[in-house]
Amino acid sequence: MDHVLEADGLGKRYGRRWALRDCTLRLPAGRVAALVGPNGAGKSTLLHLAVGLLRPDAGTVRVFGAAPYENTAALADIGFVAQDTPLYRDFSADELVKLGGKVNRRWDGALARERLARLGIPPRKPVGKLSGGQRAQVALALALAKQPRLLLLDEPVASLDPLARREFLQTLMGGVAESGTTVLLSSHILADLERSCDFLVVLQAGQARLTGQVDDIVAEHRQLVGPRHSGEPIDGVATVVCARHTDRQSTLLVRTDGPIGDPSWTVQELSLEDLILAYLADTDAKADHQAWGVPA
Ligand SMILES: Nc1ncnc2c1ncn2[C@@H]1O[C@H](COP(=O)(O)OP(=O)(O)OP(=O)(O)O)[C@@H](O)[C@H]1O
């Protein structure tokens, strides 16, 4: 399979603290991938490594087969919108579109202008005087105008209103379907992701905890409710992701590797959102302990 982004044992530390550690993942071409994880999980760090703004302290990251930090030529194919959508604040949207045309090999300025006009963004007002959501829209329009083969977006919809969020995600999916662009977008708004993303990376304590196609991940996971479970293997269960117990009953979120044969378990399907929350809830405490080098 063709992989756009490959991380192997990737690590990055700030001072003595590892923000990303032994992170291994593969992002196949042509996907819209969600990067999720709690605050401080290392999502921005991973995106900055992928775009060559940071250099790994351990392991490797390769984008289109090359290490981005050492290979600035690869940047022509990567679009990146950072979390705080940094833009030259004294420039207007119109001026930024013109500037983009001068510094990029491929540039669809008409697409950016048309998009910004449709969204009612004032073309001649300095972007520093636009609202946070409008500034995010300008940054996204510029990133799309670059027509990148890989688009990295750090919480692109956080400052958008619900309508703008839906419109943006639809545009993204439409654009990707047409151009084959691979997208990796970090977000905390889990409800949006099931509709718009077909690939998932769950980052936890600096490691990729769950990676794969959304359909496969949803199909593989189940919630089991049954009599109190004391840890013995269950036929059809590969991994117990998390477990809750009362005196008499257990509720398990499991990754299956076959049908659950034992009729004492009630088997329920899970939404992607519930599944992600279960992974995150399970490892919240471990995350902090590991980051500080304390055993969980
Ligand atoms: N410039 C920095 N200097 C020191 N520590 C940093 C720096 N940037 C990030 N960190 C730390 O690295 C860890 C990972 O941060 P990162 O911003 O990558 O997480 P994140 O998953 O993007 O979080 P959020 O969802 O809050 O944006 C955190 O513990 C953070 O405090």
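Me: Are α2 and α4 roughly parallel or roughly antiparallel to each other?
Reply: Happy to start there, keeping in mind that this is a predicted model. Helix α2 (residues 93-103) and helix α4 (residues 132-145) pack at an angle of about 20 degrees, and their axes are 11 Å apart. Angles under 35 degrees count as roughly parallel. Therefore α2 and α4 are, to each other, roughly parallel.

Me: How many residues in the contact of α2 with α4 are nonpolar, polar and charged?
Reply: Let's look at who meets whom: on the α2 side are A93, L96, V97 and G100, and on the α4 side V138, L142 and A145. Gly counts as polar here. The contact of α2 with α4 divides into six nonpolar, one polar and no charged.

Me: Which strands are the edge strands of the open sheet?
Reply: The three strands of this open sheet run in the order β2-β1-β4, with antiparallel pairing. An edge strand pairs on one side only. That gives β2 (17-28) and β4 (58-63).

Me: What is the bridge partner of L10 in β2?
Reply: Strand β1 (residues 3-14) pairs with β2 in the antiparallel sense, over eight bridges. For L10, the partner in β2 is C23.

Me: Which helix gives the largest share of the shell around the ligand?
Reply: Around the ligand sit Y14, A19, G37, N39, G40, A41, G42, K43, S44 and T45. By type, this shell has three nonpolar, six polar and one charged residue. Its largest share, three residues, comes from residues 43-50, helix α1.

Methods:
Residues numbered from 1 in each chain as written. Predicted model: local features only at pLDDT ≥ 70, side-chain atom pairs only at ≥ 80, totals over all residues. Near = placed C-beta within 6 Å. Helix = DSSP H or I, 4+ residues; strand = E, 2+ residues; numbered from the N terminus. Pairing = 2+ DSSP bridges. Axes fitted to C-alpha atoms, helices over the stretch in contact; angles between N-to-C directions. Parallel < 35°, antiparallel > 145°, perpendicular 65-115°, else oblique. Contact = placed C-beta atoms within 7 Å.
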